Structure formats: C-alpha cells, structure tokens
Amino acid sequence: MARIKPLTVEELPEETQTALRFSENLMGYVPNSVMTMAHWPELLVAFRGLVATIYGVSEIDNGLKRLIGAVVSAAAGCQYCKAHTTLGALDVGVDEEKIKAVWEYQTSDLFSDAERAALDLAFAAGQVPNAATDSHFTALDPYYDERQKTEIMAVISMFGFLNRWNDSLATALEDKPFESANNLYTSDQWQPGQHR
C-alpha cells in the first residue's frame, strides 16, 4: 500500500489537469506517481515540464532514453520504474527482443558500442553510492557530443528522482506496466515486491 495515498481524478486540483492529460497521452494511462505528486500541484506541474523536455525534441533516441531509464532503475532496485520504462520502450517502438536483452546489454549483439557506453554510465550512476567515473564519460566521447551527454545525464537524473519517489512511497504499480513486465521478464529479473 502506498505510503501517501494517490488522489483520485475527482480530487485533482484544476492546475494539475494539463499534467494529467500529458501523462495519459505519453503513457496511455495515468501513473499512480502522478496522482501522488498532485498533492503538491506546483511539483507536478514542474515535473511535467521536466519530463516534456527530456522526452521532447532531442538528439538522443527516445527508445534509448527509455532503456537508460530501465537500467538506472534496475541499478537502484526500483521495480516500479523498471516496469514503466520497459513498457515505454515498447510504446516508442523498441523491439521486444532488445528490451528483454537489456539486462545483458554488455554481451548482446542487439546493442551498439554507443548504446553500451550510455547504459554503462546509467548502471553506474544508478547505484548508491554513485559508481560513475571519468572512464564512463570517456567511453561516451567517440559517440556523443556534449549536448547528447547532457541529455543522457538528464534521463539518469530524472529517474534518480523517480526511483526515490516510487520506492520510498511504495507506489502501487498500475495494471498495464505490471502485465507488460510479467510478459517481458523471468522471475529472477522481475519482482514487483512492495509495488504490487
């Protein structure tokens, strides 16, 4: 059970309606994390702006951004965000086999060296304490310019917030991402725990 009760649609303050529609359009459902953030409408509006920027017009493919989010979330142990990001990857057209292989990205032929470098940084930065080193950034140099590295770090940082938010609050996982994760992963890759 969530430690802060999500609001219902009927309880949402007027100023959160745009953020609610944005989430529904982006994800196909309204995440419980959004309904919890709505207790502080200004936070939800600000967070919606961050998400819109990160998943908006960019130089990094949105499918890779979803996979970065999945790896960050796995490193942090957040099953809620792991389920959301892999479903999001499917929704933006990432091949299901590639999503299933994301946990073996270092050895899978489905991933390029550029993707491996980004996912290595995501995994290191998602750990506590943070394990990102200069070598992770040096490994990005052949593939990404400074703007692209900034986008990668923005995705990693956004999921740092979401991982803490959802794991700390034991946010209940919605049916759609729960079913998707159950279909994508084996039991050793997926344990919803406190989120179900």
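A salt bridge is a side-chain nitrogen of Lys or Arg within 4 Å of a carboxyl oxygen of Asp or Glu. Hold on to that cut-off. We need it right away. One more thing before we look: this is a predicted model.

Take E115 and K98. Their closest N and O atoms are 2.7 Å apart. The cut-off is 4 Å, so E115 and K98 form a salt bridge. Where do the two residues E115 and K98 lie? E115 is in helix α7, residues 113-126, and K98 is in helix α6, residues 96-100. The pair therefore ties together parts that are 17 residues apart in sequence. Both ends are hidden: E115 is buried, and K98 is buried too.

Why would such side chains pair at all? Side chains of opposite charge can pair when their charged atoms come close.

Stay in helix α7 for a second example. R116 and D113 also meet in a salt bridge, at 3.1 Å from N to O. These two sit three residues apart in helix α7, so about one helical turn separates them. D113 has a relative accessible area of 49%, which makes D113 partly exposed.

How many salt bridges does a search of the whole structure find? The search finds eight. Here is another of them. K65 pairs with E151, and their closest N and O atoms are 3.5 Å apart. This one links distant parts of the chain. K65 is in helix α4, residues 62-76. E151 is in helix α9, residues 146-169. That puts them 86 residues apart. K65 is buried, at 2% relative accessibility. E151 is buried as well, at 8%.

At 0% relative accessibility, S73 counts as buried. What does S73 touch, leaving out residues up to four places away in sequence? It touches C78, C81, K82, F159 and N163. Pick out F159. S73 and F159 are 86 residues apart along the chain, yet 6.7 Å separates their C-alpha atoms.

Next, the nonpolar side. In soluble globular proteins, nonpolar side chains tend to be buried together. In this model, the largest nonpolar core has 55 residues. Which residues have the most contacts inside that core? They are I68, L119 and I152. The largest share comes from α9, with eight residues.

Zoom in on I68. Leaving out residues up to four places away in sequence, I68 touches A118, L119, A122, I152, V155 and I156.

Last stop: how two helices pack. α1 and α3 meet at an angle of about 35°, and their axes are 9 Å apart. The crossing is left-handed. From α1, the contact uses T18, A19, F22 and L26. From α3, it uses L44, R48, V51 and A52. What kinds of residue are these? Six are nonpolar, one is polar and one is charged.

Technical notes
Residues are numbered from 1 along each chain as its sequence is written. This is a predicted model: local features need pLDDT of at least 70, side-chain atom pairs count only at pLDDT 80 or more; totals for chains, interfaces and linings use all residues. Side-chain values use heavy atoms; hydrogens and water are left out. Helices (H or I, at least four residues) and strands (E, at least two) are DSSP runs, numbered from the N terminus. Buried means under 20% relative accessible area, exposed over 50%, partly exposed in between (1.4 Å probe, protein chains only). Contact means heavy atoms within 4.5 Å. A nonpolar core is a set of buried Ala, Val, Leu, Ile, Met, Phe, Trp, Tyr and Cys residues joined through side-chain atoms within 4.5 Å. Axes are lines fitted to C-alpha atoms, for helices over the stretch in contact, and angles run from 0 to 180 degrees between N-to-C directions. A crossing is left-handed if the near helix is turned anticlockwise from the far one by less than a right angle, and right-handed if clockwise. Ala, Val, Leu, Ile, Met, Phe, Trp, Tyr, Cys and Pro count as nonpolar, Asp, Glu, Lys and Arg as charged, and the others, Gly among them, as polar.
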